[in-house]
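Q: Can you walk me through this structure? I have not looked at it before.

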Amino acid sequence: QVQLVESGGGLVQAGGSLRLSCAASGNIFSISAMGWYRQAPGKQRELVATITVRGSTNYADSVKGRFTISRDNAKKMVYLQMNSLKPEDTAVYYCNLVIARDNNWYPAANWGQGTQVTVSS
């Protein structure tokens, strides 16, 4: 069973940067694609970035060019470098294993507690 622990969130001014980390337990990490999601108050959880085992990445249009997802398979870690942050990036951020089906990614493990990112204007 995979457990996910996110960290690195905080309060930052618009234009600033944060680096989120996700620690995963379990042996399945090395063979799984990973994703970062976020959920803003009153909104549905949305997928913002994915990375395959081989390192191929995809981003939501809203974060493309500003966010970078990466992974360290040896450490079972996934990271999200967030630059040029905007107030609309304010949300709780979650990582998860993701599986591909019908040209979409779907979460595949239980959610962790997430990490709060707040961007002030």
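A: The side chain of R38 makes a polar contact with the side chain of S62, at 3.4 Å. A polar contact is a pair of N or O atoms within 3.5 Å; within protein, one must be able to donate a hydrogen and the other to accept it, and residues adjacent in sequence count only if both atoms are side-chain atoms. This is a predicted model: local features need pLDDT of at least 70, side-chain atom pairs count only at pLDDT 80 or more, and totals for chains, interfaces and linings use all residues. Residues are numbered from 1 along each chain as its sequence is written, and side-chain values use heavy atoms, with hydrogens and water left out.

Q: Is R38 buried or exposed?
A: R38 is buried, with a relative accessible area of 6%. Buried means under 20% relative accessible area, exposed over 50%, and partly exposed in between (1.4 Å probe, protein chains only).

Q: Where does R38 lie?
A: In strand β4, residues 33-39. Strands (E, at least two residues) are DSSP runs, numbered from the N terminus.

Q: New topic. How many disulfides does a search of the whole structure find?
A: The search finds 1. C22 and C95 form a disulfide, with their sulfur atoms 1.9 Å apart; the cut-off is a pair of cysteine sulfur atoms within 2.5 Å.

Q: Which parts of the chain does the pair link?
A: Distant ones: C22 is in strand β3 (residues 18-24) and C95 in strand β9 (residues 91-101), 73 residues apart.

Q: Are C22 and C95 buried or exposed?
A: Both are buried.

Terms used: Helix = DSSP H or I, 4+ residues; strand = E, 2+ residues; numbered from the N terminus.
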